[in-house]
Amino acid sequence: MSSTQTMLSPPVPPTLADVAKLAGVSCATASRVLTGSARVRPETRRQVEVAMADLGYVRHRAPRAPRARAGSIAFVVCEDNMRVFADPFFARMLWSISRERVSGDIQLVMLTIRSSHDYRTVARYLGAGHVDGALFVSVHGRLPLELDHLGLPIVLVGRPMDPRASMSYVDADNVGGAERAVRYLVEQGRTCIATVAGPADMNAGVDRLVGYRKALAAAGQSDTGMIAYGDFGRVSGEHATYRILDSRPGVDAVFAASDLMAAGVLRALRRRGRRVPEDVAVIGFDDSPLAQQTSPQLTTVRQPMDAMGARMVAELLGLIADPEKPPSGVVLDTKLVLRGSA
């Protein structure tokens, strides 16, 4: 007589996210309870503690003592230093954020991240009480930091790539801006419209490509062979344009997902003997100072940089003042600025 044994998988230990969901709070609030932060209301603390007990959640770290305000916030750029200083986007963003600091009482600390080692270093710095909150810009993919576990208010510049991420963010309308730019090219009679898209691991790159495709689909045009990718830098825009011209020599317009890449597009077209805008129209994205320095001057989609900086600081200060404030996503309008290139 034989018997059949059923092999059961061991139960999966509950996570902090499970505790937060059961307690009806954010992961950041649950983390603050876990670390012993004083910035949690007593009734909320009890909710989280009951959820931890019900789920059998096991603390993996000893609670830390509450820390005093540091009087500083961090501006964390997830790019190497060469890129940070070469792209005017970061300088403009830093300036707009610096201008919004409350009456000079808050210091701004800039940090850059280039590798996994940098991420670990920044995580230790942020978690050590040196700052009261952090703004993250130019995030690629998913952040390899357990930011919620730091118990630190965080605001992202741009929508997080991970749809499950529960973090505040401020973004420009990348989809709508790109769609408006390409629709304008269609209205001008352009019938072979290519794009130099941004990185596929960044929300701005993904969303601007979505906007491009939406406009072409609405016009009944195909994007087959019309998409090349860059890294938002000038050189990548030039090389991407050569690839487009080699595969689709009849292209009559290019939408570039950044002004720097659009400058590279102009250089490539000039070297291939194409006139702008007579033969090929070009539109960029950002409305950086560079847009008025190219020849011809660049038609581009303007991001509301000043408004973004102000809103990011306001959101972060709100989270610092009220740690239990739920995360929010803010998307600000863009505007098509017409100049000589299209």
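## A buried glutamate and its salt bridge

At 8% relative accessibility, Glu315 counts as buried, where buried means under 20% relative accessible area, exposed over 50% and partly exposed in between (1.4 Å probe, protein chains only). The side chain of Glu315 meets that of Lys325 in a salt bridge of 3.9 Å, N to O, a salt bridge being a side-chain nitrogen of Lys or Arg within 4 Å of a carboxyl oxygen of Asp or Glu. Because Glu315 lies in helix H11 and Lys325 in the loop between H11 and E11, the pair ties together parts that are ten residues apart in sequence. Lys325 is partly exposed, at 29% relative accessibility.

This is a predicted model, in which local features need pLDDT of at least 70 and side-chain atom pairs count only at pLDDT 80 or more, while totals for chains, interfaces and linings use all residues. Residues are numbered from 1 along each chain as its sequence is written, and side-chain values use heavy atoms, with hydrogens and water left out.

## Other salt bridges

A search of the whole structure finds twelve salt bridges. One of them joins the side chains of Asp306 and Arg92, at 3.2 Å from N to O. This pair links distant parts of the chain, with Asp306 in helix H11 (residues 305-321) and Arg92 in helix H5 (residues 88-99), 214 residues apart; helices (H or I, at least four residues) and strands (E, at least two) are DSSP runs numbered from the N terminus. Asp306 is partly exposed, with a relative accessible area of 26%, and Arg92 is partly exposed at 33%.

Lys214 and Glu179 also meet through their side chains in a salt bridge, at 3.7 Å from N to O. Since Lys214 belongs to helix H8 (residues 203-219) and Glu179 to helix H7 (residues 174-187), the pair ties together parts that are 35 residues apart in sequence. Lys214 is partly exposed at 41% relative accessibility, whereas Glu179 counts as buried at 18%.

## Aromatic pairs

The structure holds two aromatic pairs, for which rings of Phe, Tyr and Trp (its six-membered ring) must have their centres within 6.5 Å, with planes under 30 degrees apart counted as stacked, over 60 as edge-to-face and the rest as tilted. The rings of Phe89 and Phe90 have centres 5.4 Å apart and planes at 80 degrees, so this pair is edge-to-face, and both residues are buried.

Phe255 and Phe285 form an edge-to-face pair as well, 6.4 Å centre to centre with 65 degrees between the planes. Phe255 lies in strand E8 (residues 253-256) and Phe285 in strand E9 (residues 281-286), so the pair ties together parts that are 30 residues apart in sequence. Both Phe255 and Phe285 are buried. Arg208 lies over the face of Phe285, at 3.8 Å from the ring centre; a charge sits over a ring if NZ of Lys or CZ of Arg is within 6 Å of the ring centre and within 35 degrees of the ring normal.

## The parallel sheet

Six strands form an open sheet in the order E2-E1-E3-E4-E5-E11, with parallel pairing; two strands pair if DSSP finds at least two bridges between them. The edge strands, E2 (107-112) and E11 (329-332), each pair on one side only. Within the sheet, strand E4 (residues 154-157) and strand E5 (residues 168-172) pair in the parallel sense over three bridges, and the bridge partner of Val155 in E5 is Ser168.

## Cysteines

The count of disulfides comes to zero, a disulfide being a pair of cysteine sulfur atoms within 2.5 Å. Cys78 is buried, with a relative accessible area of 6%, and Cys192 is buried at 12%.
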